[in-house]
Amino acid sequence: GRIATITAGWQERESEDDELRAHLQGRAINLELHTRGERIFAEDPELRDAHRERQDVLRHRQDFYRIRLEYEMECDRIISQRTAPPEILAEQAELSNQAVRELDRAHLANCVMQHTAFKEGWRLHERPSVAKHRAEIARIVGDCEAIAIAGGHVATLLNRLTLFGIDELAAGRTVFAWSAGAMAVSERVVLFHDDPPQGPGVSEVLDAGLGLVPSAVFFPEPEKRLRLADKERMHRLHRRFAPAQCVVLPARSRVTFREGELTSPEGVLKIRPSGDVAVLEPERRRAQDREGRPGKGQKR
């Protein structure tokens with residue numbers, strides 16, 4: 001059937017989707033979320049100004065959060081290099097981890113608060129400039145069998161996904177998502193780069209995602225951004241976001257989320273508590289292993 005595509009993360013290049021259309025054998029219909037957003041802001045300057053103000057607030061909060069996060073992560077690194085009895089080192093490591101987790105939690109709560117206030121204050125579902133586009137998008141998606149969310153600039157992608165209520169339209173539908181799109185369907189979006197051109201390379205929570213795949217943090221393109229062989233670094237990443245799984249998505253890998261479980265992983269990796277990176281196994285298989293292998297004469 002037809003597939004509604006979202007390439008808003010490509011920003012001004014949103015319509016340059018010939019390769020994607022060819023891959024989908026002509027079944028794609030681009031929802032043009034980035035273009036629609038620009039039209040809304042041109043037609044509704046009051047909403048545009050309010051939107052810019054909210055984005056400025058979010059950027060300022062991100063900056064202050066990043067400053068505090070960098071200091072906490074540096075503190076954690078220094079403490080981990082100290083010499084002390086094992087129980088004291090473990091205690092201090094956990095205190096550092098709790099401090100970072102609290103920063104993440106507070107920042108994410110602030111982001112959600114800003115989005116909720118904007119959504120309720122401007123009643124986007126009723127505002128004519130937005131409502132007409134939402135209605136048109138709903139009709140298009142209603143005639144499609146799936147939604148495909150591409151990557152690109154993840155903040156822009158999230159912005160458009162929430163502006164047009166894609167989380168509600170995607171509920172119960174087949175959704176394909178990759179790169180920044182995969183990050184956007186999780187509960188929280190984490191920016192990461194262990195070796196950036198500048199800066200200390202601290203992973204930071206950006207915002208809440210659509211929440212279509214709970215209890216997982218996605219790290220696409222690890223070949224470019226993660227030191228997977230650095231066990232200590234991976235260990236810190238795991239403990240920071242636990243109990244959510246840190247799911248690593250190398251090029252050409254894929255995994256299916258269905259009925260509350262990650263299934264059929266192909267080439268997908270996960271970060272273990274030890275900091276090792278291992279192949280992601282289906283959740284049902286892990287549950288069976290926990291229960292124990294069947295004895296002679298028993299069936300799985």
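## Questions on the model

Visitor: Which residues of α5 are buried?
Guide: In this predicted model, a residue counts as buried when its relative accessible area is under 20%. In α5, the buried residues are Ser129, Val130, His133, Arg134, Ile137, Ile140 and Val141.

Visitor: How far does α5 reach from its first C-alpha to its last?
Guide: Helix α5 covers residues 128-142, which is 15 residues. At 1.5 Å a residue, 21 Å is expected, and the model comes close to this. The reach is 21 Å.

Visitor: Which residues of α6 are buried?
Guide: Helix α6 covers residues 154-163, and eight of its ten residues are buried, so the helix is largely enclosed by the rest of the structure. Just after α6 comes glycine 165, with a positive phi of about 60 degrees. The buried residues of α6 are Val154, Thr156, Leu157, Leu158, Asn159, Arg160, Leu161 and Leu163.

Visitor: What is the bridge partner of isoleucine 271 in β12?
Guide: Strand β11 (residues 269-271) pairs with β12 in the antiparallel sense, over three bridges. Strand β12 covers residues 277-279. The partner of isoleucine 271 there is valine 277.

Visitor: Is valine 277 buried, exposed or partly exposed, and which residues is valine 277 in contact with?
Guide: With a relative accessible area of 28%, valine 277 is partly exposed, since that class lies between the 20% and 50% cut-offs. The C-alpha of histidine 235, 42 residues apart along the chain, is separated from that of valine 277 by 9.6 Å. Neighbours within four places in sequence left aside, the contacts of valine 277 are Leu228, Met234, Leu269, Lys270 and Ile271.

Visitor: What is the bridge partner of isoleucine 3 in β3?
Guide: Strands β1 (residues 3-6) and β3 (residues 146-149) run parallel and are joined by four bridges. For isoleucine 3, the partner in β3 is alanine 146.

Visitor: How many disulfides does the model have?
Guide: A disulfide is a covalent bond between the sulfur atoms of two cysteines. Here a pair counts if the sulfur atoms are within 2.5 Å. For cysteine 111, the nearest cysteine sulfur is that of cysteine 246, 19 Å away, and cysteine 111 is in no disulfide. The count of disulfides is zero.

Visitor: Is cysteine 111 buried or exposed?
Guide: Cysteine 75, at 35% relative accessibility, counts as partly exposed. For cysteine 111 the relative accessible area is 2%, and the cut-off for buried is under 20%. Cysteine 111 is therefore buried.

Visitor: Which residues is glutamine 62 in contact with?
Guide: Glutamine 62 is in helix α3 (residues 45-80). At a relative accessible area of 7%, glutamine 62 is buried. Apart from neighbours within four places in sequence, its contacts are His107, Glu204, Val205 and Leu206.

Visitor: What is the value of phi for arginine 123?
Guide: Most residues other than glycine have a negative phi, and most peptide bonds are trans. Arginine 123, in the loop between α4 (86-122) and α5, has a positive phi. The value is near 45 degrees.

Visitor: Which peptide bond is cis, with omega about 10 degrees?
Guide: One of its two residues is in the loop between α10 (231-241) and β8 (245-249), and that residue is proline 243. The cis bond joins alanine 242 and proline 243.

Methods: Residues are numbered from 1 along each chain as its sequence is written. This is a predicted model: local features need pLDDT of at least 70, side-chain atom pairs count only at pLDDT 80 or more; totals for chains, interfaces and linings use all residues. Side-chain values use heavy atoms; hydrogens and water are left out. Buried means under 20% relative accessible area, exposed over 50%, partly exposed in between (1.4 Å probe, protein chains only). Contact means heavy atoms within 4.5 Å. The expected span of a helix is 1.5 Å times one less than its number of residues. Two strands pair if DSSP finds at least two bridges between them.
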